[in-house]
Amino acid sequence: MDGLRRHKSMFLLPGLLTLFLIIIFPLLFTIRVSLSGWNVSNPRMDFIGGANYAAMLHDSRFWASITRLILLAGGTVLIQYVIGFGMALLVWREARGRRFWRVLFLVPMMTTPVVMAAIWQTIFHESLGPANDLLGMLGLTKIPWLTESGPALVALMTVEVWQWTPFMFLLLLAGLLSLPKEPFMAAAIDGASTWRTFWKVTFPLMAPVSVAAIIIRLIEASKLSDSVYVLTSGGPGSSTETPGYYLYIQGLRDQQTGYGGAMSLTYLVLMIVTLTVVAALLTRAFKLKGDS
Amino acid sequence: MRSRLYPVFKYTVIALWACFVAGPFFWAMTTSFKNANAVQGGPTYIPWVQYKPTLTGWRNIFGGAGGIDVIDPFINSAIVTIAASAISLALGSLAAYALSRYRFKLGFIKNSDIVFFFVSQRIMPPVVLVIPFFYLLQWGGLLDSIPGLVIVTVALLLPIAVWVMVDFFNGIPREIDEMAMLDGCPPFQTFVRAILPNSLPGLTVAAMFCAVFGWNDFFFAFRLTFTEVQTLPQAVVALNSSIPPWWTLSAAALFGVAPLILLALWVERLLSKGNLSGAVR
Amino acid sequence: MAQLDIVDVGHAYAPGAEEERWALKPLNLTFESGKTYALVGPSGCGKTTLLNILSGLVRPSQGRVLFDGVDVTALPTKARNIAQVFQFPVIYKSMTVYENLAFPLQCRRWDKARIDAKVRQVAEALDLHDRLRQPARGLTADDKQLISLGRGLVRDDVAAVLMDEPLTVIDPQLKHSLRRKIREITEQFRPTVIYVTHDQYEAMSFAQELLVMKDGRAVQQGTPEQLFEAPSSTYVGYFIGSPAMNFLTVDRNDGPFALGGQPLSVAWDIPQSTTEVQVGVRPEYVKIVTDPGPNTFPGRLRGVSDHGAQRVLEVEVAGQPVRAKTPREEGVPVSEEVLVHLPRARALPYADGKLILRS
Amino acid sequence: MNLSVTDLCLTVDGVDHLKNVTATFRPGRLHTVIGRTMAGKTTLLRALAGLQKVDSGSLTRAGADFLKTPVWRRDTAMVYQQFINYPHLNVFGNVAFPLKRAGLSRDEIQRRVRQSLASVGLADFEKRKPSQLSGGQQQRVAMARALARGTGILLLDEPLANLDYKLREQLRDEFKALFSDQGDTIVIYTTTEPAEAMMLGDVVLVMHEGRILQTGTPQEVFERPATTTVASIINDPPMNIFAGRLEGGQVTVAGFQATHVSAHLADQPDGAYQFGLRATDVSLASSGVEGEVTFVEISGSETFVHVVVGETPFVVQIEGIHDVALGDLVKLRLRPDRLFAFDEQGTLVRTPSYALASVEGC
């Protein structure tokens, strides 16, 4: 298609260049600033080599936040996947009022995470919130949700699960609804039980969607910081800090710009590497090789 | 064989999850009608029975004494969301169309790599971008302004638009493009007259995702706009940081998420019509 | 395998619709054990509804479905013991060919050795025995269809194999060989087969008996030969055969039949009361002749279609179009004025679109 | 205003899709391109339309380089094998689409759309969306859109392939009438079906593996197939081709000797040949070569019996519908006077006498 060579760039370039320009400056800036000693008392783009990186290697708070993030993201996404898939299956076909349930189950992902985190903060309030009230009704002791590290993590995960399970639910339900019906008829004809039909038909057919949904959620979860800021402010101590939040404290609140830049890049690279590996592993685990 | 207990189990599970999902909204709703006394008295849920409902919280968010005005932030949020979504959809669908229809080759870079470049931008943590953005906008005089916020929001939304639209365009037979060209349309007309009108489902899905992520963005607004421009999430979170007037916070939160709850109704319709299946493939 | 009986079965998708609008008007049918049947008709004729009623996917609005005399009307698909090959190949994509074939037997909790023997026997027949360890999803569409068929055949006791347009998505080049393969296999295993298609060629090439359907009714049931030689209605005459059967309205003034004022001698007799009669003659039997004689009418050549080994001549006889299919070697008539011979024994009588008598 | 193709070549992944294709397409003629699936027919049409780039060769229209003309200025309409219409437009809008692009007046558009829709029998369907139509109707819409513009070139890529056979039969007849008054349009129609190619074409081009093997009138191609490949492509079922020897006026085929030999081979030198015999010229008889029935097909009004004699497969065409059991042993009668003789490379050397006569007669 001879006349088309000029046109194809006309279609692609506006979007590509826009994104490129928006992204490239911050990236170059961050690389440069990470090699400088820029901080609140010395806001200059000098050159100090890899000193920031060297400091970072000994910053256990940073590494702890990375580990925490990986566990948090992995754990919540797994829970989201299981619950989301389960709920999608329940309201997939014959269910009374399924359209009502579908709407309801979608709502949380539509709402602003930081705003809802503020509401959750009131829910987890030790004396005035309903979380402990509910425990009390069940005859359990009150829990200092946001002031002790264990419960604070549980609270954070609860909020994440509440907020983002609907996203899994949405993708998985859309996937289920797009499945052809013949494989299920074939399974019925072959005499497969409900359980066997799920494992041998539904699950394999849903594998591509599952992988996509999990990866998308992992990408989004790797950026976790807003809800932390509102819900626990990383506390108590630094026990619920994620890299995103720690970077905020270092780079923005305390204006350790150079150091923050070094951590930013490290964080970014680590996340890209981890997610690429996870994506490859998931793809293999779901035997997607050779599938379209 | 399915036991007769299965339906009981099924609806119990659905009901439990529904309670968990709806709980925070119920709590916010009930709290928004309380006053200081009702809140200090410990968790109560049923108005008139357990506490006397007042409209204090709701009055506060519309400029009442000791409260805030949510109208301006609401308008700001709406403008930023709509403008950024529109730009992202326009640039995104053009790029997606090119990536779906034409073959690009630049050294080792192929179409799939370009798609990956777009989509991979979602991995950028806002905190990495925000400092450079700050200086960039400051240099351009766009700090604390709506255009500035729109530009950075486009960076958030463009990958989403490209991701949804590439898949969607791939599902439209190429023969439609070919036919339009044979019928006398140069490429751009082909796109506008033959492909876009058939892409409404894809565009709505993309618009929905853009709207959600655009509306819900907090971090950029938080660090890049201050006094002149405040978005709704910013306004609500600002309430949270002071001594919590829970009633006002709850009312503001509900007000802030209400448009998106309406969006859920619409998403469900897309879902039931099967329009979303393209997006997950 | 079993005998399938359809007793007074009818179905309406919209409840309470008048019978004229039912997707399937009440009918009685018997599918004999071990025979192959084809349900054929244009889309919307009710063939798929009938198939779904047999498979248990649709519960008929009225009537009973009997498998070997047992009423299965209320039973779900799972309990009916049928096999089905769908339009789009259905395989379990996470499994190998072997596992696919073994799946129905595992569901029935057969022991391993018995499964193995059966799977190997069927795989041999399907020519899949050397690919048993391959993942099934890597196979071509036609091999996947064979696996679908195989999953039915591994079950010794399967009541019937239902096939729903199984060649739709098969590459044209492979259609022929797959059809051949399916036919060979069904001849070997002799299950009761009900094959749904909209393609007459396919139906006639595959099945021992055809059931032609139209507007929710079974129009005619018979062997391909019967449908060709004695279509029970003008519709079947049109639907089966290429080009379609010729139908000529004949005059009858208290005497023998006449066409354009000339007597038409026929091999049958019909009661006086019948008014308008049409005579049906297959284009294959219409002859262009040079000498006048009985049942030979003057005609005018309107057009010639060259189909290769045959030509189709379009002739006008007594103001009505007639097509004649002639071998190429006979050439094209030199003059526009021709003589058309309608063989006495091949002319069938139709009134109100129905065959009114069999010769 | 001829459309001339010279030495068009296209190779993709080592497979020739077009190999030195040279042809001239003339206005007012219907050219049918016949070939099996993957013969390169679609590629040729797409190259003519400008939708497919070629490796080499030239394409000229009225002396001008057509390869440099972008698709949207080629004055070409195309009907696809799949029923392609604009899903968002109704039937009227679909047919009007190219007319609007051409900048015609509203009245003119309306007039042409109505006329075009009437000619394909869809006058009452203006307001329907393509998705509400049957396959046959969708293809008629595509047809109406292609015809309404009155383009200089009309390409039809197996337009009937996805329809069932009654509809195919009907549309084939309709097409014949539609194309008869196309004025100066160059019509190129691809098909896999010999009957369609023969019946519709003024000129038949036989394609195989990217090459054009023969070009001629339907009669020439059918009666004087240049090679065994052409003979098998232009006959349905494919012509029976088998090796044999000619010795002293006697034909020996697959171990059986013909009882008498037709005069048309009498003066042919002795030696090894490939013979061709149409399925209609083989019959089941009480005596003759014995073979086993491997498959029976019924097509419209004919029965095709596939028989294997030794290693050589034969197809026998019998008029009418007959029940022949698989595995039966049958005897075949081959008509020696209908043998086509090809040399060992497959080039035609002698046709049956009746065929010769009829070609020379026209």
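How many residues does the contact take from chain A and from chain C? In this predicted model, the contact takes 17 residues from chain A and 19 residues from chain C. On the side of chain A that touches chain C, helix H8 (182-190) and helix H9 (194-221) of chain A each supply at least two residues. The greatest contribution to that side is made by H8(A), with 7 residues. Sorted by class, the side of chain A that touches chain C consists of 9 nonpolar, 2 polar and 6 charged residues.

The nonpolar cores were considered next. The largest nonpolar core holds 353 residues, of which Leu172(A), Ala252(B) and Val206(D) touch the most other members. Helix H7 (residues 146-170) of chain B provides the largest share of this core, namely 18 residues. When residues up to four places away in sequence are not counted, Ala252(B) touches Ile61(B), Ile68(B) and Val70(B), together with Ala235(B), Val236(B) and Leu239(B).

Helix packing was then described for chain C. Two packed helices are described by the angle between their axes and the distance between the axes. For helix H2 (residues 97-107) of chain C and helix H3 (residues 112-126) of chain C, the angle is about 130° and the axes lie 10 Å apart. The crossing in which H2(C) passes H3(C) is right-handed. From H2(C), the residues Tyr98(C), Leu101(C), Ala102(C), Leu105(C) and Gln106(C) take part in this contact, meeting Ile115(C), Lys118(C), Val119(C), Val122(C) and Ala123(C) of H3(C). The residues of this contact include 8 nonpolar, 1 polar and 1 charged.

H2(C) also packs against helix H4 (residues 141-153) of chain C, where the axes come within 7 Å and cross at roughly 35°. The crossing of H2(C) and H4(C) is right-handed. Here Val97(C), Asn100(C), Leu101(C), Phe103(C) and Pro104(C) of H2(C) meet Ile147(C), Gly150(C) and Arg151(C) of H4(C). By class, the contact of H2(C) with H4(C) has 5 nonpolar, 2 polar and 1 charged residues. Leu101(C) is named in the contact with H3(C) and again in the contact with H4(C).

Ile240(C) is situated in the loop between helix H8 (234-239) and strand E11 (246-252) of chain C. Ile240(C) counts as buried because 29 C-beta neighbours lie inside 10 Å, the cut-off for a buried residue being 20 or more. Beyond its neighbours within four places in sequence, Ile240(C) is in contact with Gln200(C), Leu227(C), Phe228(C) and Pro231(C). Between Ile240(C) and Glu99(C), the separation is 141 residues in sequence and 42 Å in space, C-alpha to C-alpha.

Key. Residues are numbered from 1 along each chain as its sequence is written. Chains are lettered from A and ligands numbered from 1 in the order in which they are written. This is a predicted model: local features need pLDDT of at least 70, side-chain atom pairs count only at pLDDT 80 or more; totals for chains, interfaces and linings use all residues. Axes are lines fitted to C-alpha atoms, for helices over the stretch in contact, and angles run from 0 to 180 degrees between N-to-C directions. Helices (H or I, at least four residues) and strands (E, at least two) are DSSP runs, numbered from the N terminus. A crossing is left-handed if the near helix is turned anticlockwise from the far one by less than a right angle, and right-handed if clockwise. Two residues are in contact if their C-beta atoms, placed from the backbone, lie within 7 Å. Ala, Val, Leu, Ile, Met, Phe, Trp, Tyr, Cys and Pro count as nonpolar, Asp, Glu, Lys and Arg as charged, and the others, Gly among them, as polar. A nonpolar core is a set of buried Ala, Val, Leu, Ile, Met, Phe, Trp, Tyr and Cys residues joined through C-beta atoms within 7 Å. A residue is buried if 20 or more other C-beta atoms lie within 10 Å of its own, exposed if 12 or fewer, and partly exposed in between; C-beta atoms are placed from the backbone.
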